Amino acid sequence: MNAPLRRAGVVILVLFGLLFANLNWIQAYKADKYRNSPYNGRVQVAEYSRPRGVIEANGEPLAESKATDDRLKYLRVYPDKLVYAPVVGYKPVNGAATGIERSENDFLAGTSNRLVADRLAEMFTGDNSGGGNVVLTINNKTQQTAYRELVNNQRNVGKGAAVAVDPRTGAIQAMVSMPSYDPNPLVSHDSKVADAAFDKLNKDSDKPLINRAIGETLPPGSTFKTIVAAAALQSGYTEETRIPAGSVYSHAGAVIRNAEEETCPGKEISLKEALTESCNTGFAQLGVALGADKVKKTASAFGFEQDDLTVGNLDGSGLPVAASRTGAIANPDGSTDQGALAQSSIGQRDVRMTPLQGALIAATVADGGQQMRPYLVQRLLSSDRSVVYTANPKVLRRPIDASVAAAMKDMMVSVVENGTGKRAQISGMTVGGKTGTAQNAVNANPHGWFIGFAINESGQPVSAVCVMLENVSGGHASAEAARIAGLIMKAAAGRGGD
Amino acid sequence: MTAPAVPAATPAKAGEQTRIPGMRTHRNAELGLLAFAMIIVAVYGATVEANQLGTITRNFWVPAALLSILFLGLHLVVRFAAPYADPALIPAVALINGLGVGFLRRLDLARALANKQPEPGVFAGTGGRQLAWTLGSLILAAVLLLVIRDHKVVSRYAYTLGLVGIVLVMIPAALPSSLSEVNGAKLWIKLGGFSIQPGEFAKLALVSFFAYYLVRKREVLSLASRRFLGIDFPRGRDLGPVVTVWLLSLLVLVFEKDLGTALLYFGLFVVTLYVATERASWLIIGLLMFFGGVYVAYLLGASVGGPFANFYQRASIWLDPFAPEYVTGKGYQLVQSLLGLGTGGLFGSGPGAGSPGLVPEVRTDFIFAGMGEEIGLFGLSALLVIYLLIVERGLRAGLAVRDSFGKLVAGGLAFTLGLQIFVIVGGITGLIPLTGQTTPFMSAGGSSLMANWLLVAMLLRISDAARRPASGGPVPAGGPKNPPAQLHGAMTEVIRP
C-alpha cells in the first residue's frame, strides 16, 4: 500500500504546485493590472487621499473636490450639474469615469508624467499637493446660452444637441446634450446611492448618459447638401451652374419630392438657388450626376468615416467621437444603387452624422477650406497653477480649396439671408448656414438640423455651430434649430447671452 | 518499518503509552519549534498594531502568550499520551492557527478603528471567539489522544461511524433552506445564533469507515478484475460502493449546492480505494465519473437550471469573473479577492497595512486572499509550504505505520486535508470554480477548527504508532521475529467480524 500512498503524496505536490503557479500568475504577472483595476477599492482609498484637480472654464470650477470626513477623503462636486455634465463627465468611486474626467484622469489625479515635479516635492515635504487642473476651451456664456435655449426650445423637444466651435482654431466653445443629468449622485461615496442613480439614468429610454453632440449619429437631412454642393464645385460647377430640378424626381425606384410646393418647381435652377431653397429634386439629380464616388469622397474629405477622432487634449486622449457615415449606396453586386444615391444626396437613406461633424463642415467653409482639429482642453495647470500645457491648434484636414470655400460661404450666407435659414440671422454679423429636416422613421416626427457660421464686421469667422433637435413636431423642424443656432453664435461672438 | 525489534524492557500495560528509555521521541524539538511558531505569531501581532495604530501597545503579546499556553498544554498531553508522535505536526498547525487568530484580530481592530471604538479586548470580536474555539479544539484533540490509545480501536466502530458520517452529510440537505443555507450553499445547521457545519466532522467519520470497509474488501477489489486496454478493470458488482459514494457526492452537489464538498468526499473515497487496492483503474474510473458528473451538471445548469443553476453560475463566474454581469454582482467576491491578491503583489502591504476588509467573507472562505494582500506572494508561498508539510507528514505517518487500517486512515485524512486546501485556495485564486470551503485552521468558525484539530490528533496518534519502536506494542507470538510489516503492512488482527 505504500506505493500508492507515495503517489497520493505526489498528487498533492502537483496540486500545490498548481496553486503556487497560479499565485505567481496573480500576484506577480497580473499584479499591476489588478492593482490599477477600476474595481479595486484599495486604489480608491489612495486616489481619494489627494484632492483631485479642478476642471474649469473662464475661471469657474465645473468639477472640484471637497474635503470630507469619510474613508475617502475628498468628494467630487459638480456645481453646475446638468449644463456641463456631457463634457465634464463624472468620476464615480466604482467603475469607469466619463468625459474629461476620464480622458484627463491621470492629470487630474496627479499621476500624470507631467506632474512628476509635484510628486517629487510631495515626497520630501510630505504635503499632499493634489492633482493638476484642467482649463477647458468652453465659453461659459455660450455654453449656458446653448443649454438654456435647447432646454427651453419652443417646440417642447426633449432630445437634442448643440456644438459651437471656433472655426479658426477648432476650440470648442459650447457642447450641450439634452437631456442631461446631474453627475453629483453618481459620484456619491455611498455606493448604493451611486448605483441607484446610475441604474436610473442607464435605463432611461432618452439615454441622458450619451453625449449626443459627439456620441450619436442621425440622418442629417438637407444639411448634407453642403457636401454635395462642395463636391459639385470641386468638379467644375459654379454657383450659377443651372442644374435640373422639378417638383418630383423619380429614379431607380426612389421618389424625391420637395418640402414645399413652391420649392424649385421649374425645370432648372442655379446651384446657389437650389441650396438657398433647399431643393430636394435638384440635389438628388446633382448627386446622381456626380456619382456615388465623388459624393462619398467629398464626405470623407470633410471627416465622414473617421472613427478614431477624439476631442479633448490635442496631444493626447479625449472624448471619442462617433464616426459619421454615408452608408454603402451600393447594390449587393457592388454597383452603385442609383435610388440610394438620389436619397443619400439629400442626407437621407443610410447617411448618418454627429452634430460635431455638422459644426466642422460649417467651420471648414468659414475658415477658407481648412478644418481645424476640434479640442476641449485649452490649458493644463499644475497644482500651484503654473502652466504645464497650452493647446496649439492643429489643422486636421483641408477638404476644399479656398475658391470652393468662398463659393460655399457665399451660397450658405444666401441660405440665411434669403432662404430656409432666415431665423439664424444676427444683426451686425454675416451669418451663413444650412438647414436640415430629416425623416427618420415611419410616423416619427423629423429631426431638425442647422449648421452654420457667423462672421464679424472685420471678416473674421467667430463661431461655427450645429444644432440638432430630435423628432420635432409641428413642421419646419429646422426653423427652431436655426433660431437657437443664431443665439448661440451671438453669445459666442460676445454679443448676447447674459 | 526498518526499526529494529528491540525486546521490550517494560512490557506495555494496557492504555498507557510508556516511553522506552534511550529511544528518541523528538519532543524537545517539538517544543522548540512551537516556541518559534509562537514568536512569529507575536511578531505578526506587533506588526499589525504598528501598521494599524501607528504604535505597538504594551499588551501586543497577550494573544500569542495565551495561544502558547494552549499549545503547550497539548504538547504536554502528547508527551504523556503519544510520546513518539511526529514533532513537526503541532508546531506547523499551531503557526497557521495562531496567524489565523492574529489576522481575525487584525480585522476586528480595523473595524473598531473605523467605527471609532476602543481597541477590542483579547476575547472580543471574531479573533477572541477564534481563540476560544482554539481552546475547545485543543481540548477535543487532547481527549481524543487520551481516550484512543490505539488507532485500531476505531475500526471496531466503523459501521457506526459510517452511518454517522452519512447522516451528518445528509442533514443540511434534508433541512429547509432557512435552517441550512448560507451564501447559496446548504452545508449548515443553523439553530438560533449558533451554526455548525456537520460536513466537517463527517469527513473524519467517513474516512474511518472507508478505511475499515476497504481493508476488508481489498482482496476482492484488487484481484477480481477484467483486463481492458491494458488496464485491469474491476467487476461490475464490486463497483457498487463506488457508485453509491459517487451518487452520494452528486446528491451533495445538487442538493447542498456545493461542488467543493462533493469533490472532497468523492476524492477521499477514490484515493482510499486506490491506496487499498493499488489499482490505477479505480483512479481512472473515479476521475472520469467525477469530471463526467461535473460536466453533465454544468450542461444541465446551462439548459435546465433548477438545482444545477447554482453550479453553472459559479462555473461561469470562474470562466470570466470580470464579465460585466458578474464583476459587481455575483462575481464580486472573486473579483475583490483577485484584486486584493494582485495589490499585495510579491511582498504584500505588510500585516495590518492592507485593506482586506474590502473582500467579502474575508473572515471565512476568503481569509487566504485577505492574508495574501498583506503578506504577499512570498508570505502565501510560505503558508502553502507549511500546509504541504502538514499533509506530507500525515502521508508519511501512513507510509510508516504497520497496519492497513492505520495506513488508510492516515493517508485518507492527510489527502483530504490537502485536497480541501487545494479546493479553497484554488477557488479564491480563480484556479478552479469557487466553492464554499473553509481554509483549514485559519477560517473563523468552530466546526472547521475542531474537526481539523481532531484530524491532526488522529494523525498524531497514528504517527505515534508508526514511529514507536516495534517492541512498544504487543510482542508477536514467536519471539523476536520481525512482524510481516513489508507485506502491505497487513495486520489481520484488525479485522474482527
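Predicted model: local features only at pLDDT ≥ 70, side-chain atom pairs only at ≥ 80, totals over all residues.
In chain A, strand 17 and strand 18 (residues 447–455) pair in the antiparallel sense over nine bridges, and within this pairing A:Val431 stands opposite A:Ala454 of strand 18 of chain A.

**The five-strand sheet of chain A**

- The sheet is open, has five strands in the order 6-5-19-18-17 (chain A), and is paired in the antiparallel sense.
- Its edges are formed by strand 6 (172–178) and strand 17 (430–438) of chain A, each of which pairs on one side only.
- Neighbouring strands of this sheet are turned against each other by 5° on average, with direction ignored.
- Helix 8 (residues 140–151) of chain A packs on the sheet, where it touches strand 5 (160–165) and strand 6 of chain A, and its direction makes about 25° with that of strand 6 of chain A.
- Helix 17 (residues 402–418) of chain A lies across strand 17 and strand 18 of chain A, and runs at about 75° to strand 17 of chain A.

**Chain A as a whole**

- The secondary structure of chain A comprises 18 helices and 19 strands, and 56% of the 498 residues of the chain count as buried.
- Of the contacts in chain A between residues at least 6 apart in sequence, 69% join residues that are at least 24 apart.

**The contact between chains A and B**

- Chain A contributes 32 residues to the contact, and chain B contributes 42 residues.
- On the side of chain A that touches chain B, helix 1 (2–29), helix 2 (31–35) and helix 3 (41–47) of chain A each supply at least two residues, and helix 1 of chain A gives the most, with 19 residues.
- The residues on that side of chain A divide into 18 nonpolar, nine polar and five charged.

**Loop residues of chain A**

- The peptide bond from A:Met178 to A:Pro179 is cis, with omega near -5°, and A:Pro179 is found in the loop between strand 6 and helix 9 (191–203) of chain A.
- A:Arg349, in the loop between helix 15 (338–344) and helix 16 (355–366) of chain A, has a phi near 55°, which is a positive value in a residue other than glycine; A:Arg349 counts as buried because it has 20 C-beta neighbours inside 10 Å.
- A:His476, in the loop between strand 19 (461–469) and helix 18 (477–492) of chain A, has a phi near 45°, again a positive value in a residue other than glycine; with 18 C-beta neighbours inside 10 Å, A:His476 therefore counts as partly exposed.

**Features of chain B**

- Helix 15 (residues 404–428) of chain B has 25 residues, so at 1.5 Å a residue it should span 36 Å, and this agrees with the 36 Å between its end C-alpha atoms.
- Helix 15 of chain B is mostly covered, with 25 of its 25 residues buried, and just after this helix B:Gly430 takes a positive phi of about 75°.
- B:Trp61 has its place in the loop between helix 1 (27–53) and helix 2 (62–81) of chain B, and counts as partly exposed because it has 18 C-beta neighbours inside 10 Å.
- The C-alpha atoms of B:Trp61 and B:Ala46 are separated by 7.5 Å, although the two residues are 15 residues apart along the chain.

Methods: Residues numbered from 1 in each chain as written. Chains lettered and ligands numbered in written order. Helix = DSSP H or I, 4+ residues; strand = E, 2+ residues; numbered from the N terminus. Buried ≥ 20, exposed ≤ 12 C-beta atoms within 10 Å, placed from the backbone. Contact = placed C-beta atoms within 7 Å. Pairing = 2+ DSSP bridges. Axes fitted to C-alpha atoms, helices over the stretch in contact; angles between N-to-C directions. Nonpolar A, V, L, I, M, F, W, Y, C, P; charged D, E, K, R; others polar. Expected span 1.5 Å × (residues − 1).
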